[in-house]
Structure formats: structure tokens, C-alpha cells
Amino acid sequence: FVFFKSLNLFKENLRVALYYFFVFLIVFLLLYFSIYFEEITLALGKDPTLTGRTELWEVMIYYGFEEPFFGHGFGLFFRPEIVHEFSSEFGWDAKSLHNSFLDLFLGIGLFGLVSFLYIIMACILKYPFLSKCNKFSMFSITGILVVFCYGFSESGAFLSNGLVWLLFVVFILGLDHDSHV
């Protein structure tokens, strides 16, 4: 809704201000929510460990820091049998890491993860400055943000060959195409 409304603004300064205000507001709310996450989930009667995912992530982050710069091998932790080897350390039989960012960190290290995040953040930050913001560019930036958020709780957003990955690539290319128009 915010992106659609910003698309109709003719003044670039106003569009940029609205876009960054919205992004800042979302980041602020996420940080505020993360402070009280455990209390909120317990009040709702839910598991604050996200059904054990946070314990899985903790174990795997420590393992990732054994090879922090270039990782353990691209796509290695996308295979269920590799993740299963660590199941005794976090207490349940996981078939994936349930976090695409962690997949990247373990596979290609901090160097690869930062490079990937640089590309994505460049797409997110250049949106309000596009010379022709049309409905496809609005759809592309919305899709990039949705897949980006999806990557926090599911594997396969960035490494698989599924529909989510395909849409992510189309959204990035679509936004990049609009910047040259």
C-alpha cells in the first residue's frame, strides 16, 4: 500500500521521504518487537523458540564461526543429511536450517553473505530514486522485500531452484531493468 501510494507522488523528494520513513518505521517496530518477543509469544501461548528454530540457529552459528570468512561449502547445509548430523545438539530432527541467511553464512561465509546483502540493499535503497517508477518496479520492490523477510524463517529463498528463488531473481532483474529506462 505504501509503495503504491508513493508511486503516485510526482515530487521525488516526497516519494523518497515517504519510502525511507516507512522503512525506518518497519525497522523500528521490528527492533521494538524483538525486545519483547519472548513476553509476547508467552502471552499468546506460543513457543518463544519458534518451534526450536532458535536453538538450531544458535548451534549452527557457532559452527559457522569455525570457517567465518569463506564458509564450509556452497549449498552444503541445504542438504538434509548434513543438518541431521547436528540434531543431537539442538534436540530435534531438522531437515533444513529454516533460515536462508544462515544457509548463506554457513555455505559461503561472511564475505559471501555481505556481498549478497550489498546487492539486495542496493536494490532496496535505489527504488525511490528510479527515474520511472512504474507498477512493475513497485511490484518488484515489494517482492524483493517479501522474499527477504521469507528468508529469515525458511531455507530455500536464496539457494534453491524453486518458485520463491525464481520470483526473487525476476524481481531483482525487473527492478534493475527499470533503473536503465
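The model is predicted.

**The surface patch**

Start on the outside. A nonpolar patch lies on the surface, formed by F21, F24, L25, F28, L29, Y32, F33, I35, Y36, I40 and L44. Together these residues have about 1100 Å² of accessible area. Helix α2, residues 12-35, gives the largest share of the patch, with 8 residues. I40 sits elsewhere, in helix α3, which spans residues 37-43. Its relative accessibility is 31%, so I40 counts as partly exposed.

Two members of the patch, F28 and Y32, also form an aromatic pair, described below.

**The core**

The largest nonpolar core has 34 residues. Within this core, the residues with the most contacts are L56, M60, L97, I120, I144, F158 and F168. Several helices each supply at least two core residues: α4 (53-64), α5 (80-84), α7 (100-126), α8 (135-150) and α9 (163-179). The largest share comes from α7, with 10 residues.

Take F168 as an example. Leaving aside residues up to four places away in sequence, F168 touches F116, I120, I144, V147, A157 and F158.

**Aromatic pairs**

The whole structure holds 11 aromatic pairs. Two of them are set out here.

| Pair | Centre to centre | Angle between planes | Class |
|---|---|---|---|
| F28 and Y32 | 6.3 Å | 20° | stacked |
| F116 and F158 | 4.6 Å | 50° | tilted |

Why is the pair F28 and Y32 stacked? Its ring planes meet at 20°, and planes under 30 degrees apart count as stacked. Both residues lie in helix α2, 4 residues apart, which is about one turn of the helix. F28 has 45% relative accessibility, so it counts as partly exposed. Y32 has 47%, so Y32 counts as partly exposed too.

The pair F116 and F158 is tilted. This pair links distant parts of the chain. F116 is in helix α7, while F158 is in the loop between α8 and α9. They are 42 residues apart. Are F116 and F158 buried or exposed? Both are buried.

**The aromatic cluster**

One aromatic cluster is formed by F101, F116, F148, F152, F158 and F168.

Methods. Residues are numbered from 1 along each chain as its sequence is written. This is a predicted model: local features need pLDDT of at least 70, side-chain atom pairs count only at pLDDT 80 or more; totals for chains, interfaces and linings use all residues. Side-chain values use heavy atoms; hydrogens and water are left out. Patches are made of residues with over 30% relative accessible area and no salt bridge: like charges are joined within 9 Å, nonpolar side chains (Val, Leu, Ile, Met, Phe, Trp, Tyr) within 5 Å. Accessible areas come from the Shrake-Rupley method with a 1.4 Å probe; for residues, only the protein chains shown count as cover. A salt bridge is a side-chain nitrogen of Lys or Arg within 4 Å of a carboxyl oxygen of Asp or Glu. Buried means under 20% relative accessible area, exposed over 50%, partly exposed in between (1.4 Å probe, protein chains only). A nonpolar core is a set of buried Ala, Val, Leu, Ile, Met, Phe, Trp, Tyr and Cys residues joined through side-chain atoms within 4.5 Å. Contact means heavy atoms within 4.5 Å. Rings of Phe, Tyr and Trp (its six-membered ring) pair if their centres lie within 6.5 Å; planes under 30 degrees apart count as stacked, over 60 as edge-to-face and the rest as tilted.
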